[in-house]
Amino acid sequence: MATGTWATLPLATATIGPDCWRDATVKNIKVSQNVIQKSDKGTDLGRQLDPLPTLRDNCALQSNVKVHSYMRQTRAVVVKLRENLLDTNEEMKSLIRGKEALEKTLEHIRKDILLCKQSVFIRMSRPSRERSTDGADDLLNTERLTLLRIKRTLEGELRATQKQLQVLASARKRLSDTLQERNRVLDLVTHSVASARPASGRHSVVSPTGRNSTGAYEPPETPEPDPIGPYTPEAAEAVQSASDARVSSAALRREIRDTIDRCQSEQKMAHMTVNNGLTQKVAETVTLTQHLQVNHGENRGAIHRSQRHYDLTEKAQGYSLGPVSYNDLSTRERLNRPLVRVYQRHPGTQLPEAHNLIEGNVGLAQSLRATSRNVALLHLARLRLSDDIRDKRVATGIDSAIVRLRRRRSNYRWVMEGENLQA
């Protein structure tokens with residue numbers, strides 16, 4: 001009102017005071033009006049733009065909201081890293097169990113190789129007559145080659161497993177280091193949160209406070225990798241490398257199971273084939289031994305018959321030769337007995353008695369020599385049969401002992417000898 005009043009005053013009318021005096025006053029009034037207008041505008045602009053008295057509280061609140069958001073996102077990253085770390089640990093445990101199964105199978109293969117070598121070495125103690133290469137030797141050689149091939153396969157799988165364990169250990173260390181680095185900003189935040197993995201078969205609505213419709217806490221989604229954000233490229237690379245290592249480890253574990261099953265099947269088949277071959281060889285040797293024993297009995301009967309024939313022939317030769325002394329001959333046994341002398345008084349009355357006696361004695365002597373030779377040959381054949389029976393019995397005992405040894409050690413509950421640990 002004052003500004004309007006002064007603006008409407010008739011300042012141009014004549015006054016008693018001088019003009020300069022009046023002009024100075026009017027100028028001061030105008031300057032004051034301009035200043036008042038600027039002040040009012042500044043006040044209105046200040047009402048619009050000037051901070052409120054709660055600026056400090058608002059700034060602190062905004063900072064706290066930003067910090068809480070960053071921490072929640074970082075906690076989600078930490079949960080993801082921790083779960084990847086736990087998955088990597090579980091994968092390492094599973095792979096270690098696979099490695100132990102490989103080592104156990106490899107130990108069984110080494111024991112089988114040693115058992116095969118022992119079987120070959122024991123068979124070398126057979127008699128020379130039974131040392132000729134047979135089907136059992138071929139089966140043992142085939143078993144040895146099969147076991148050596150299985151051993152090389154298992155050793156290759158074991159080397160791959162050890163290498164994969166090193167890769168998993170490196171990925172786990174990288175995850176652990178990244179987890180510790182990301183966990184440095186979570187000292188004032190609770191760590192008891194739900195799993196970051198979505199529950200299968202359930203869909204819940206997450207509120208802005210981070211709690212779902214059931215009231216359980218669910219961390220926010222993992223943000224995109226950001227060098228200055230909660231999910232850094234280093235964390236993303238650590239998670240990705242761990243995931244790739246777990247995938248490779250799972251494939252390797254399946255390969256280990258398949259390899260162990262295949263090797264055990266081949267191992268059992270080779271072991272059973274050798275045992276069956278040795279058992280068949282024992283049966284064949286026993287059969288031949290029985291035939292030898294039967295022939296040995298027939299040989300002994302032939303010896304007895306030949307000996308009886310020799311004795312009878314010798315007795316007949318003795319009867320044909322007569323007594324040793326001529327004086328012991330009776331009259332009827334002499335060639336010049338009275339009847340013959342009377343008969344030979346005529347010419348051309350020679351009797352073939354003497355010639356027949358000589359020829360008979362010669363025939364009996366030849367028969368004795370032939371019979372003696374036959375008896376000697378029969379004795380020689382009997383000795384060879386006896387040696388063959390003895391050797392086959394020894395070979396049967398050795399092969400049977402090998403079969404029993406292999407069956408006794410088929411459970412692998414025995415310790416390898418120190419000098420043969422490199423088998």
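What is the relative accessible area of Glu234, and with which residue does Glu234 form a salt bridge?

Reply: Glu234 has a relative accessible area of 37% and is partly exposed (buried means under 20%, exposed over 50%, partly exposed in between, using a 1.4 Å probe and protein chains only). The model is predicted: local features need a pLDDT of at least 70 and side-chain atom pairs count only at 80 or more, while totals for chains, interfaces and linings use all residues. Numbering starts from 1 along each chain as its sequence is written, and side-chain values use heavy atoms, without hydrogens or water.

The partner of Glu234 is Arg174, and the closest N and O atoms of this salt bridge are 3.1 Å apart (the criterion is a side-chain nitrogen of Lys or Arg within 4 Å of a carboxyl oxygen of Asp or Glu). Arg174 sits in helix H4 and Glu234 in helix H5, so the pair links parts of the chain 60 residues apart (helices are DSSP runs of H or I with at least four residues, strands are E runs with at least two, and both are numbered from the N terminus). Arg174 is also partly exposed, at 28%. Elsewhere, salt bridges with shared partners join Arg123, Arg126, Asp134, Asp137, Lys281 and Asp399 into one network.

The structure contains 23 salt bridges. One of them pairs Arg110 with Glu155, with 3.7 Å between the closest N and O atoms. Arg110 belongs to helix H3 and Glu155 to helix H4, so this bridge ties together parts 45 residues apart in sequence. Both ends are partly exposed: Arg110 has a relative accessible area of 29% and Glu155 one of 22%. A further salt bridge joins Lys392 and Glu130, at 3.0 Å from N to O. Here Lys392 is in helix H7 and Glu130 in the loop between H3 and H4, 262 residues apart. This pair has buried ends, with Lys392 at 10% and Glu130 at 9%.

The largest nonpolar core has 33 residues, of which Leu81, Leu154 and Leu175 touch the most other members (a core is a set of buried Ala, Val, Leu, Ile, Met, Phe, Trp, Tyr and Cys residues joined through side-chain atoms within 4.5 Å). The elements giving two or more residues to this core are H3, H4 (135-182) and H5 (233-321). H3 gives the most, with eleven residues. Leu154 is in contact with Leu102, Thr105, Leu106, Ile109, Thr259 and Cys263, leaving out residues up to four places away in sequence (contact means heavy atoms within 4.5 Å). Another core of eight residues lies apart from the largest one, with Ala136, Leu278, Ile398 and Ile402 among its members.

Ser306 is another residue of helix H5. Ser306 is buried, at 17% relative accessibility, and beyond four places in sequence it contacts Thr371, Val375 and Leu378. Tyr412, in the segment after helix H7 (353-408), is likewise buried, with a relative accessible area of 17%. The phi of Tyr412 is near 60°, a positive value in a residue other than glycine. Most residues other than glycine have a negative phi.

For the chain as a whole, there are seven helices and zero strands. Of its 423 residues, 31% are buried. Among contacts between residues at least 6 apart in sequence, 83% join residues at least 24 apart.

The average pLDDT is 84, and 82% of the residues score at least 70 (pLDDT is the predictor's confidence in each residue, from 0 to 100). Where pLDDT is low, the predicted coordinates should not be read in detail.
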